[in-house]
Amino acid sequence: MGLAGFEVEVQRHENGGLATEDMTLSMGPQHPSTHGVLRFVVRADGEVMKEAIPDIGYLHRSIEKIAEKVGWHGFMPYTDRVDYVAAMPCNQGWAMAGERLGNIEVPKRGEYCRVIATEFSRIHSHLLSVGSMAMDIGAYTPFTHAIREREYINDLLEELCGSRLTFHYMRIGGVGWDLPPGWRDKSLAFIKRFEPLVDEFNDLISYNKIYTERLANVAVITPEDAVDFNLVGPNLRGSGIKYDVRKDEPYSVYPELDFDVPVGRGEMGAVGDCFDRYIVRMREMKESCRIIRQCLAQIPSGPVIAKVARNFKPPAGDCYIRLESARGDMGWYVVSDGTSFPYRCKIRTGSFSAISIIQKLSRNLMIADLIAVIASLDLVAPEIDR
Amino acid sequence: MARPERFGRGSRLNANEIHARLRARFGDAIGDLAGARRDNFCATVAPASIADVCRFAKDDPELAFDCLSNLSGVDYPKRGVIEIVYNLYSYRHRHLFALKVGAPRDNPVVPTVSCVWAHADWQEREAFDLLGVTFTDHPDLRRILMPEDWPGHPLRKDFVEPEEYHGISTSRESLLKA
């Protein structure tokens, strides 16, 4: 068989039927639905995949190596770039690591500011996730609604810290700035407006027949697999496991706040399908609104940052910080050797484990469903590659 | 509905109990308990027995470390070892513990634990890529983040960045110089 003379030798099965060959497709690294630069090598028989092998590393910026070179305070802006869709939790993870090693207590008001900022960041990230998920499935309008709301949060966060995406708001010991005057009322006004819009978004797309048919029973992840592959956050809860670091390994001021942890209930199909992972995010946005409202009501007065030496040298030792970022349990293994430079910083992110399960999930899935799987796992490429 | 009782109705062990349980089963292969806080309690493990220890830690009903939360490699040139740190977590009992394996720096070879937790597969590939640790019996030990032809392992402390990669310079003149 060859193109040269266009002679085609037809392969036949023993039973006389036409034989088919597997097709290898390269999806990405530049592909509109891959949420960043990542690539899949898809082996498919027609429309049905035999497997999709993720190929990552296109956005590797050696952030962990940079940490060893720039010092404790200097690394904070780089943490924004670990996951630029939800940068606040990354800020917080690094700050918490420094505080744990250096035995620093953050003032109460600083902790509240952190939680408010982080929860806004969570809504902001989930909006992008659910909006682009609808767009990947083929519904463009919901995306514009989600982005419109996201812009308001960008405005709020810009007023808080001067930046719309890579915030650099937190510091080891607290946060950079207190809430600006009038910000509290603006935030409350936004939440008041936003909460009904979540329901509107649900009416618009979440229970749309075409949409749910595309998601229900697709790529079901059992709870055992979810734990085995270390899926975290909404992906883990989508599989029916009620686990949230904010509740189960509480940190910061979360023990003082009242909120629920939504889990997948298999409303449209099996527990742990794409729809469950999606709807968990929708519900989490409302919970985040609840948290922000409580924080704004309870926030005490006082300083927002503890006194930390400019040349910060935490005593030698290691720590493993876990916190709930927008993509779930984020792990920071940080080693200090007592100098002003971190000795080692390993960041274990939610997307890294989420993408590794795709090879297993993709077996016997339609190629078009791979798009739904990527979107439902909320993969963010910079977070995978760091 | 999933079976939630498998993930969180057990009893949390403290670090001493976890360590004692591992010691009782593996004896001298488990080092002394170290660490001062819940997040850094750890014990060293002899490299050759790490896979068995992890298998036991996962299967033992009292320990039930069903999740490998994190795996990191740390290079210690002064001690001549690369330390692999396994942060284990149990969703069933909600306890946390770390195991540390020191592999000789000139020939770091550690048995894989990817047969115990699926998550270890990619984490070990990352440690192989960035620190050059070889995990024996790993099903697919390839570079994961760096290009396949990248020289050396960047997270080693003595790594020297190559001046160029395929004709692309890795440095540039400072714009601030007069």
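This is a predicted model: local features need pLDDT of at least 70, side-chain atom pairs count only at pLDDT 80 or more; totals for chains, interfaces and linings use all residues.
**Strands of chain B**

In strand 5 of chain B, B:Ala98 is the bridge partner of B:Asn87, and this pair belongs to an antiparallel arrangement in which strand 4 of chain B and strand 5 (residues 96-104) of chain B are joined over nine bridges. Strand 4 of chain B also pairs with strand 3 (residues 67-76) of chain B, again antiparallel and with nine bridges, and here B:Val74 stands opposite B:Glu83. Because eight of the nine residues of strand 4 (residues 81-89) of chain B are buried, this strand is largely enclosed by the rest of the structure.

The hairpin of strand 3 and strand 4 of chain B has four residues between the strands, and B:Gly80 takes a positive phi near 70° in it. In the hairpin of strand 4 and strand 5 of chain B, six residues lie between the strands, and B:Arg94 takes a positive phi near 60°.

A contrasting position is B:Thr136, which is placed in strand 7 (residues 134-136) of chain B. B:Thr136 counts as exposed because 10 other C-beta atoms lie within 10 Å, where the cut-off for an exposed residue is 12 or fewer.

**Strands and helices of chain A**

In chain A, strand 6 (residues 317-325) is mostly covered, with eight of its nine residues buried. Strand 6 of chain A pairs over nine bridges, in the antiparallel sense, with strand 7 (residues 328-336) of chain A, and a hairpin through two residues joins the two strands. Within this pairing, A:Ile321 has A:Trp332 in strand 7 of chain A as its bridge partner.

| Hairpin | Residues between the strands |
|---|---|
| Strand 3 and strand 4 of chain B | four residues |
| Strand 4 and strand 5 of chain B | six residues |
| Strand 6 and strand 7 of chain A | two residues |

Helix 3 (residues 87-102) of chain A packs against helix 4 (residues 108-137) of chain A at an angle of about 140°, with the axes 7 Å apart. That angle makes helix 3 of chain A oblique to helix 4 of chain A. The residues that meet are A:Ala87, A:Met88, A:Pro89 and A:Gln92 from helix 3 of chain A, and A:Arg114, A:Ala117, A:Thr118 and A:Ser121 from helix 4 of chain A. By class, this helix contact has four nonpolar, three polar and one charged residues.

**Domains and the contact between chains**

The domain assignment of chain A gives domain 1 (23-55) and domain 2 (63-385), whose centres, taken over C-alpha atoms, are separated by 26 Å. Their contact takes 17 residues from domain 1 of chain A and 19 residues from domain 2 of chain A. On the side of domain 1 of chain A that touches domain 2 of chain A, the largest share, seven residues, comes from strand 3 of chain A.

Between the chains, the contact takes 33 residues from chain A and 29 residues from chain B. The largest share of the side of chain A that touches chain B is five residues, and they come from strand 6 of chain A. By class, that side of chain A has 13 nonpolar, 10 polar and 10 charged residues.

Notes
Residues are numbered from 1 along each chain as its sequence is written. Chains are lettered from A and ligands numbered from 1 in the order in which they are written. A residue is buried if 20 or more other C-beta atoms lie within 10 Å of its own, exposed if 12 or fewer, and partly exposed in between; C-beta atoms are placed from the backbone. Two strands pair if DSSP finds at least two bridges between them. Axes are lines fitted to C-alpha atoms, for helices over the stretch in contact, and angles run from 0 to 180 degrees between N-to-C directions. Angles under 35 degrees count as roughly parallel, over 145 as roughly antiparallel, 65 to 115 as roughly perpendicular and the rest as oblique. Two residues are in contact if their C-beta atoms, placed from the backbone, lie within 7 Å. Ala, Val, Leu, Ile, Met, Phe, Trp, Tyr, Cys and Pro count as nonpolar, Asp, Glu, Lys and Arg as charged, and the others, Gly among them, as polar. Domain bounds come from an automatic or database domain assignment.
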